[in-house]
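Below are some notes on how the two chains meet, with a remark on one annotated region at the end.

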Number of protein chains: 2
Amino acid sequence: MSTSERLIEATQELLWERGYVGTSPKAIQQAAGAGQGSMYHHFAGKPDLALAAVLRTSAEMRETAGRLLDGPGSAYERISAYLLRGREVLRGCPVGRLTMDPEVVASDALRAPVDETIGWLRERLAGILQEGLDAGEFAPGIVPREVAATIVATVQGSYVLARASGSADAFDSAVRGLLSLLAPHVTTDRPA
Amino acid sequence: MSTSERLIEATQELLWERGYVGTSPKAIQQAAGAGQGSMYHHFAGKPDLALAAVLRTSAEMRETAGRLLDGPGSAYERISAYLLRGREVLRGCPVGRLTMDPEVVASDALRAPVDETIGWLRERLAGILQEGLDAGEFAPGIVPREVAATIVATVQGSYVLARASGSADAFDSAVRGLLSLLAPHVTTDRPA
DNA sequence: GTCTATATTCTGATAGAC
DNA sequence: GTCTATCAGAATATAGAC
């Protein structure tokens, strides 16, 4: 693999693990097995390299989520497949994590791919919710764009619960709770 | 106010804004209007001062949330009041934010108050959900501890959506979506 | 309790040789 | 393309005077 590739991948890993503020050029070089001169030859500096890494991570995330959301099954089944997919829960979300970084949020260039990825996911979920609504799978009162935001938020927040407790259990609980709220269900308050 | 107090409060603000990794002793001293000698007289170092700040922030969060959850109204109304309370959405959650910090998660001392606060909130919500369940307010199938995790996760994740987009709107959407899923509702699929 | 001086290591680069 | 200096400033303290 090229040095440039190794630098980008090392940066992706470090941004995921330590965020932008916590990642130094030196740490990137060591992880990539590249010298300083090499890094500054291929990239203008830390912001430039971080942007390349964030763009890559964002694209990979869309790829992964897209595959599950475009899969077979009912709307509920596809959303369920997305929620239950294997994740490295204790590492957090490589995209969502960046929103807690002050320097990422302060930079339009760095924030844009994060915003676009999350926005894309939300719209994709909203579309599926609408399909399910049309098919009578969900409670008729729900607003697709709002519930889509709830789904994305639950995933993002579940990482917070898991990392706080040091265990993936909380992530799974929150997802199960969401699926139970979303599930096609028959209420018991039938008219007598 | 005492120098020690000013140091703690300045640290609370900086941890909220920039996290542990992004906060330097120097920045704390400047924000508190205290010299280096002063800071190291009152606290052993950055980890010690951060711990004092995190304990303070955690206690304040429990105070705020507790007041709303102990308020008047039905279970749904109290949960709704908690979800809809005024927040500085774009600043993120001062407690949850810490879970994305590698040094906080790596330190048992720093992570403990975060874990306890989130755990306390979840249990408190689970209790209220159980009350509501007993009163017939919610769909009978829900599991209080799971849905409580979903509620906490939605709040935490809603901050992510808001910060990604640079607007508080996404936070409100996700919360409305959750409330609509949680709401006592009558399904249309009544037996004919 | 607070201040200034000093120390070591890291950060984020630039310069120029190979 | 990669390497080795070199550098100004920040991070995280310690020491000792006041």
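1. A polar contact is taken here as a pair of N or O atoms within 3.5 Å; within protein, one must be able to donate a hydrogen and the other to accept it, and residues adjacent in sequence count only if both atoms are side-chain atoms. By that rule, 17 residue pairs, both members at pLDDT 80 or more, are in polar contact across the interface of chain B and chain A.

2. This is a predicted model, in which local features need pLDDT of at least 70, side-chain atom pairs count only at pLDDT 80 or more, and totals for chains, interfaces and linings use all residues. Residues are numbered from 1 along each chain as its sequence is written, and side-chain values use heavy atoms, leaving out hydrogens and water.

3. With contact meaning heavy atoms within 4.5 Å, 53 residues of chain B touch 53 residues of chain A. About 4400 Å² is buried between the chains, 65% of it on carbon and sulfur atoms (accessible area, 1.4 Å probe, lost on putting the two parts together, summed over both). M100(B), R163(B) and L181(B) supply 17% of the area that chain B buries against chain A, more than any other three residues.

4. Four salt bridges cross the interface (a side-chain nitrogen of Lys or Arg within 4 Å of a carboxyl oxygen of Asp or Glu). R176(A) and E146(B) form a salt bridge at 2.7 Å, N to O.

5. UniProt, in an unreviewed entry, places "domain: HTH tetR-type" at residues 1-61 of chain A; such annotations may be inferred rather than shown by experiment. That stretch is 77% helix and 0% strand (DSSP runs: helices H or I, at least four residues; strands E, at least two).

How values were computed. Chains lettered and ligands numbered in written order.
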